[in-house]
Amino acid sequence: MEMIRLTQDDILQQDLERIAASEMINWEQFKNKSILVTGATGLIGSQMVQALILAGIQRNLGLTVLAAVRNEKKAEKMLGACLPYGLKIVTIDIMKPIVLADPVDYILHGASVTTSKDFVDHPAETILTALKGTEHLLELAREKKVQGMVYLSSMEAYGVVDPEHYVVRETDYGYIDPLQVRSSYSESKRMAEGLCGAYAHEYQVPVKIVRLAQTFGAGAPETENRVFVQFARSIMTGTDIVLHTDGSKAHCYCYTADAVLGLLTVLLKGTPGEAYNVSNESTFSSIREMAEMLVQNYPESGSKLVFDIPEDANKFGYAPTSRMLVNAEKLSGLGWKPEISLEGMFERLMASMRQMWKEFAHLEIE
């Protein structure tokens, strides 16, 4: 079969092919089905759309993917290669009741406010996007009588856990101060999860919840500025990694392709009304340890780790300092297994950045 190329990013293309070839997923369940993906121009959403399209082509599934977006031109630029193969871009404002004539069999709801600074600068919008957006997607799922739905939550829904009991399973919860502005994100994720549970119980909507560890990998956009890209950029430009905290916050990560397979596993095998952690436990490390690992692994960069801690770090929107190992045994019991280590995540991220980002166009891929 001729290989269909959906991206100019070689690393991302490899990831999409791995997902489409994975035997973790019973792809036949998607035969002649329609899947709606919200947040389809985000890092996870876009790779979900591309992977579903590629699997549909390679496995002759007759699959239709509806990419729900706010900016149609951005979506066409990012996902245009998928349009001849069963992708339909639909412009939807999730803050309003959703009217959609197309049939929908499955929903992956990933649209959310995701920038830490926005949690602080626009906390009301952060909360309302989570609540109203999720309500409208749940109502759509109820109307369409979908076969499955996944809501993308976050490990931040756990709050700050007891440092002596830092291994966190789906039934463990820490403390969130709802009056702290930065809590707009974590508290709204909890509230949206509660709404999913209510719809599963009262209306039998087959919605499942995924609590994602911080996820990154190939395909990160040039506008991305989260800590993993800041660290990668420092290594690639030979500048120092600068921490604005003591770096003691410790948790798990997950490679994007592994996360996509986790979401699909929960969509098809998860129990409605229940939550599942998607996390690579082997990546557990503090921010400081992650920075030190990069400095050690890439000595040729000349980068060093330095600290510049401001008096008021809250303005940056950093999550509260915590130590939390997100346990993924429940999802592993459904047949899911992550493959990419933390070192591998950075290798693939930087290879992708070298190839696709203009500022690194002069660098060779190792």
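## Close-up views around strand β10

**View 1. The sheet that holds β8 and β10.** Strands β8 and β10 pair in the parallel sense over three bridges, where two strands count as paired if DSSP finds at least two bridges between them, and where strands (E, at least two residues) and helices (H or I, at least four) are DSSP runs numbered from the N terminus. This is a predicted model, in which local features need pLDDT of at least 70 and side-chain atom pairs count only at pLDDT 80 or more, whereas totals for chains, interfaces and linings use all residues. Residues are numbered from 1 along each chain as its sequence is written, and side-chain values use heavy atoms, with hydrogens and water left out. The open sheet has three strands in the order β8-β10-β12, with mixed pairing. Its edge strands, each pairing on one side only, are β8 and β12 (280–286). On average, neighbouring strands of this sheet are turned by 40 degrees against each other, direction ignored.

**View 2. Helix α8 against the sheet.** Helix α8 (residues 256–269) lies across β8 and β10 and runs at about 80 degrees to β10; axes are lines fitted to C-alpha atoms, for helices over the stretch in contact (heavy atoms within 4.5 Å), and angles run from 0 to 180 degrees between N-to-C directions.

View 3. His-251 has its place in strand β10 (residues 250–255) and is buried, with a relative accessible area of 4%; buried means under 20%, exposed over 50% and partly exposed in between, with a 1.4 Å probe and protein chains only. When neighbours within four places in sequence are left aside, His-251 is in contact with Met-155, Gln-214, Thr-283, Phe-284, Ser-285 and Met-324.

**View 4. The aromatic pair of Phe-216 and Tyr-253.** A search of the whole structure finds 10 aromatic pairs, counting rings of Phe, Tyr and Trp (its six-membered ring) whose centres lie within 6.5 Å, with planes under 30 degrees apart taken as stacked, over 60 as edge-to-face and the rest as tilted. Phe-216 and Tyr-253 form an edge-to-face pair, at 6.1 Å centre to centre and with 75 degrees between the planes. This pair links distant parts of the chain, with Phe-216 in strand β8 (residues 214–216) and Tyr-253 in strand β10, 37 residues apart. Both Phe-216 and Tyr-253 are buried, and together with Phe-228 and Phe-346 they form one aromatic cluster. The bridge partner of Phe-216 in β10 is Tyr-255.
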